[in-house]
Every structure is written in C-alpha cells, then in structure tokens.
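Dear colleague,

I am handing over the structure we spoke of, and below it you will find my notes on what was found. Please read them with the model open beside you.

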Amino acid sequence: MDTRTLGRTHRSVSAIGLGTWQLGADWGTVTESDARAVLDASVAASVTLFDTADVYGDGRSEQLIGGYLADRPGHSITVATKMGRREAQDATNFTLANFRDWTDRSRSNLRTDTIDLVQLHCPPTAVFSNDRVFDALDSLVEDGAIAAYGVSVETTDEALMAIARPNVATVQIILNAFRLKPLDAVLPAAKTAGVGIIARVPLASGLLSGTYTAQTTFAANDHRSYNRDGSAFDVGETFSGVDFERGVAAAQEFAALLPEEAAASGFTTAQVAIAWVAQLDGVSAVIPGARNVAQAESNAGSGSVPQLSPAFTTAVTELYDREFRAAVHDRW
C-alpha cells in the first residue's frame with residue numbers, strides 16, 4: 001500500500017483509507033461483529049486512515065472505532081472525525097464553546113485525549129469566511145483536544161476558501177469519475193499550499209462498482225433510497241448527485257474503459273475507479289466505505305492497481321463531459 005503525507009497534519013497515511021459512514025447508519029444495518037470484521041480486514045490490508053463523524057449512527061461509528069483501537073495499543077491508525085452536523089446548520093452555532101462540547105463527545109467515543117484530525121462537517125458556506133471559527137479551531141489545537149483540523153466541503157468554492165486558511169490541514173471533497181470539477185482548481189491549489197486532499201464517495205455511492213442495474217433497490221434506511229431528491233441532506237452525497245438510471249448506464253460505459261492489463265490481472269471496475277482517484281496528482285487519500293469484509297478487501301486492493309495511463313483519464317473525462325458535465329459541474 002502506497003503511503004502519503006496527509007497535508008499539514010504531517011502524518012503518513014495509506015493512499016486508500018476507510019470511510020466508516022456505513023458502520024454508523026444510513027446504509028442499512030451493519031452489526032458490531034461485522035463492523036469489527038471490516039476494521040480488521042482493512043488493517044490487515046495496510047489501511048492506516050479511518051474517517052468517521054460524530055453523526056454516523058449518532059456516534060456509533062466513532063464508538064466502534066474507539067473500542068477497536070483501544071484493544072490495539074501502539075496502533076498506527078490515523079483517525080479523522082467530523083463535527084458540526086448535530087446542531088442546526090446555522091453559522092452562529094460554530095463557536096468555541098460548541099466545538100469543545102462536540103470534540104469532548106468525540107474524544108469520549110474514540111477513547112482518546114487528542115483526536116488526530118477533526119473536520120468541520122460540510123458547514124454553511126458563511127463559516128468559511130469567519131475568522132473566529134478558525135481562531136476557535138486553533139484554540140482546540142492549543143488545548144491539545146485535537147492535533148489538527150480540516151474541513152469537509154460540498155463545493156469547490158468552499159474548498160478553495162478553506163485551502164487559503166493557513167492552518168487548515170486537509171480538505172475532504174467528493175471526487176470520482178462522475179464528479180470531476182475538483183480537478184480544475186482544487187487539486188492544484190491544495191498541492192501548492194501543502195493541504196491534504198481526502199477524496200470521498202469515490203464510487204458514486206456504489207454506481208462505479210458496475211454492479212447495479214436500473215432495477216437495483218436499497219433498504220428503506222439506506223440514503224440511496226431516501227435521499228435521491230436531497231430531502232435529508234445535500235443530494236450530491238447520494239450517487240454524487242447524478243440521476244440513478246443515467247449513472248447505471250454510464251457505469252457500464254466506464255467498465256468498458258478498463259485497461260486490458262488491469263482486467264487481465266483480476267482488478268475489478270470498482271478497484272480501477274478508486275485507483276484512478278487515488279492516482280490523481282494532489283490526492284492524499286481516498287476513503288471508500290465498506291459494509292463487509294469482501295468490500296473492505298476489495299477497496300484496499302485498489303492500492304495495487306498499476307499506474308493508469310493518460311489515455312484512460314482522457315476517456316474518463318470524455319464520458320463525464322458527455323453524460324454529466326451539464327448536470328453537475330456548476331452545482332458543486
């Protein structure tokens with residue numbers, strides 16, 4: 001597994017991390033034993049970055065990770081959590097007092113005195129221009145509650161505002177073959193500033209696995225059922241904001257683009273989709289999620305995909321331009 005420096009955290013992490021939204025909620029039921037098995041499989045495959053949030057299962061994901069790591073003293077895992085979505089999305093709620101309350105809860109869940117990385121969880125856009133917010137985050141670092149901070153964003157404009165902040169260590173953003181806008185300005189700006197980029201939703205909520213059909217259904221408590229219209233949270237988090245049926249068809253086209261050598265070596269469509277994101281210049285880590293051991297092992301295996309060619313990137317871009325650019329490029 002390739003390792004990279006995670007921006008201004010100066011921590012070395014695996015190029016393929018593990019997103020743990022699935023271990024909390026919103027993707028159907030995952031038992032505690034299954035969750036631990038996912039964590040075990042990821043660690044066995046040299047994954048050293050776990051990404052979570054205080055709202056994943058209202059803390060369940062953090063608690064599972066905290067318990068798991070407590071049984072493994074001396075581990076080399078970097079844990080990145082998020083805060084800010086347990087309250088109304090009002091910029092006035094992003095205060096030092098609330099930050100202390102939220103991080104204290106996460107520290108308890110994670111069973112640690114100092115959290116490796118805390119990210120503001122897709123906060124209101126007004127937050128990014130508020131100096132007091134970032135002064136408060138600096139105070140948490142000075143207090144020792146957190147080692148570093150970053151932001152998780154919905155839009156490229158928010159990402160660029162965050163990158164301009166001197167102490168923002170990382171920016172987390174949706175980036176996959178169906179959401180290419182971060183390539184225009186965000187990745188170059190982050191690389192120049194030394195800010196880490198954590199790419200989330202690399203499979204467009206599973207579309208880029210190439211296993212779905214137009215008839216595929218999901219559990220009622222899976223956001224891929226209840227948030228297709230964006231009624232629960234930003235629709236861009238579900239199938240990257242693309243129409244499901246169009247995404248299924250485009251995923252079949254994506255699968256047809258796989259290099260012969262990758263297919264001959266047994267790499268799957270999903271693995272190539274993740275690897276392509278991980279290999280982009282400026283990406284620090286990719287955080288696909290997993291609900292079971294097979295998915296965790298497959299995701300980690302993406303780190304072994306050989307370097308993909310510029311011709312492959314050109315084909316991906318042409319597919320995006322034809323199927324999705326008009327619908328999604330200017331939205332986020």
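Glutamine 172 is found in strand E8, residues 168-174 (helices, H or I with at least four residues, and strands, E with at least two, are DSSP runs numbered from the N terminus). Please keep in mind that this is a predicted model, in which local features need pLDDT of at least 70 and side-chain atom pairs count only at pLDDT 80 or more, while totals for chains, interfaces and linings use all residues. Residues are numbered from 1 along each chain as its sequence is written, and side-chain values use heavy atoms, with hydrogens and water left out.

Glutamine 172 counts as buried because its relative accessibility is 1% (buried means under 20% relative accessible area, exposed over 50% and partly exposed in between, with a 1.4 Å probe and protein chains only). Its side chain is joined to that of glutamine 119 by a polar contact of 2.8 Å (a pair of N or O atoms within 3.5 Å; within protein, one must be able to donate a hydrogen and the other to accept it, and residues adjacent in sequence count only if both atoms are side-chain atoms). Leaving aside residues up to four places away in sequence, glutamine 172 also touches others, including Asp51, Lys82 and Arg200 (contact means heavy atoms within 4.5 Å).

Serine 205, in the loop between strand E9 (196-200) and helix H7 (223-226), has a positive phi of about 60° although it is not a glycine, and it counts as buried at 4% relative accessibility. Phenylalanine 239, in the loop between H7 and helix H8 (244-256), has a positive phi near 55° and is buried, with a relative accessible area of 1%.

Helix H12 (residues 310-323) has 14 residues and reaches 20 Å from its first C-alpha to its last, close to the 20 Å expected at 1.5 Å a residue (the expected span being 1.5 Å times one less than the number of residues). In H12, Phe312, Ala315, Val316, Leu319, Tyr320 and Glu323 are buried. These residues lie on the same side of H12, because they cover an arc of only 135° around the axis (taken from the directions from the helix axis to the C-beta atoms). The buried residues of H12 pack against H8, helix H10 (269-278) and helix H13 (325-328), whereas Pro310, Ala311 and Arg322 are exposed on the other side.

With kind regards
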